[in-house]
Structure formats: structure tokens, C-alpha cells
Amino acid sequence: MPDWPADVWELFDGARVVDLSQPMRTGMPQSPNHPPFRMTLERRHGDVVRADGGSAANEIIVTGGHVGTHVDALAHVSQQGMLYGSRDARALQGNEGFTELGIDAFPPYAGRAVLLDVARVHGVATLAPGYEITVEDLERASAEVSIRPGDAVLVATGWSRLWRSREEFVGVSGGAPGPGEEAGRWLAAHRPRVVGGETIAFEHVAAGRGHATLPVHRVMLVESGINIVETMRLDALLDTGVTEFLLVLNPLNVVGATGSPVRPLAVLP
């Protein structure tokens, strides 16, 4: 196998790496549909002290697969009992998860990502609660950057700026901004490898509706076979003004799971 050209590594000299994951801690904002994240020290320093005076601490972590910044596997959503590729959900699921389309089937992604800043299109730092992103919004946000098949496409709403305001972030009363069904179909038509956003559901969540319906999840996961990344921290990335960058995305290899926490990394020149 040939070596990488020496000048390739010069591209990474001085590169900036931006962490696109939200910090995970007990009580963080999350969907009420999923088990909450909890972490506690199971053993503290001093609980057990070795003969040489050494001690160790460790923790126990309990979490759902769709808590914090995470990737949705194709097995996450079904329609009329069917998963992507017309697979019967009941036939594939069991006590140990899914035999197909689980998060373990997601190949790690390291490639081009496109950032569509819809908040900037509207001249605001954060879109209004419950705002439905339209096809026109996405066309305006992508006017200066191309979307290629196989790219990762991130739709920015500025919502990660509200992370510390739990009730507002979850959209309990006012809803949350996100793409409507037609915008979802526009994205899917570009054949991205993965799409992502800042809210807990990659959807338009209307005020008072909650997650009553999730049409964009259906379009992406069931109809198109496109994975979704949710609860991304994009505010620092938005402040740079970049529209494309290298994205490294590698969820935990949990066999049969419908989703997994992930720590996406943006690499900027």
C-alpha cells in the first residue's frame, strides 16, 4: 500500500479541532421519550486502598442511546412496522437489540461536511421556537456551497446557544426549530451520508405538539437510509463562519442498538 504524500500532513499543521458534542451530565436537556442520563462514582478514592497506598475511583453510567449528542441508527424508526429497505422491524428486533440496521452497522465517517446556517439567513443568532425550516431557507443557506452525494449536511438553527436553559431547549412550551417534511425531502434528494442539527429531534417541533409526529425521521431513516445526528453543539462552529470542513463521526459500536452517543469533531484549516 503506498504511503501518504508527505505534503498531505502539512494540511493539518495548525488545524483547529472543534468539539461538536454537548457535555453529558445528569439533568441535561433531553427528550422525555428516552431513559435519562445518570452518572455517579461507584468507587471513590479511599474506599479501597492498596498495600502500596494506591487507590482508584470509577463510575457507573446509565444512559439511553438517544441522549446528549448522538447518532440515530436506521433501526430507530419504523413505518407501518417496516424499517429501511422494507425490512420487518419485528423480525429483526429481540432482547439484545437488532440483528440488522443497528448502530453497529454505521461505518465511521471521516469526510466533507457542509454547514447550512439557516439562522444567519434570517439575520438572527437563534431561530424562533417552533420555526419550520423550509426548502427556500435551505436553498438560501446553500447558495454559496455545494452539497455532494455522500457529504454530511448539518442544518444550523443556533439552538445550541440555549443548552443551559433546559425547558427552552427541550421546547416544552414553545416548540423547537427544525426542518419540515418538504425540507427533509429536499435534503434527502441530495443523497447525504448523514444529516445533523442542534435540537433533540431533527424536526420542526410546533408549540404544544411535542414529538407527536416525526415525518423527517421517516423520510431520512425509513425511506432514504440516511442517519441523523442530534443535539449537536454548533455555536462555536457558527461563530467561525465556515461552510465546509472535515467531520469525524464515530458512534460507539454497541451491537444492535438504535442509537449511540457520539463526539463529532470538526477539523478546520
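Helices (H or I, at least four residues) and strands (E, at least two) are DSSP runs, numbered from the N terminus. This is a predicted model: local features need pLDDT of at least 70, side-chain atom pairs count only at pLDDT 80 or more, and totals for chains, interfaces and linings use all residues. Residues are numbered from 1 along each chain as its sequence is written, and side-chain values use heavy atoms, without hydrogens and water.

**View 1. Lining of the largest pocket.** H6 gives the largest share of this lining, three residues. Helix H6 (215-224) and strand E4 (70-72) each supply at least two.

**View 2. Arg233 and Asp19.** These residues form a salt bridge (a side-chain nitrogen of Lys or Arg within 4 Å of a carboxyl oxygen of Asp or Glu), with the closest N and O atoms 3.7 Å apart. Arg233 sits in the loop between strand E14 (227-230) and helix H7 (235-240), and Asp19 in strand E1 (residues 16-19), so the pair ties together parts 214 residues apart in sequence.

**View 3. Arg112 and Glu244.** Their side chains meet in a salt bridge (2.7 Å, N to O). Arg112 lies in strand E9 (residues 109-117) and Glu244 in strand E15 (residues 244-249), so the pair ties together parts 132 residues apart in sequence. Arg112 is buried, at 15% relative accessible area; buried means under 20%, exposed over 50%, partly exposed in between (1.4 Å probe, protein chains only). Glu244 is partly exposed at 40%.

**View 4. Asp239 and Arg161.** A salt bridge joins these side chains (3.5 Å, N to O). Asp239 is in helix H7, and Arg161 in the loop between strand E11 (152-156) and helix H4 (166-170), 78 residues apart. Asp239 is exposed at 58% relative accessibility.
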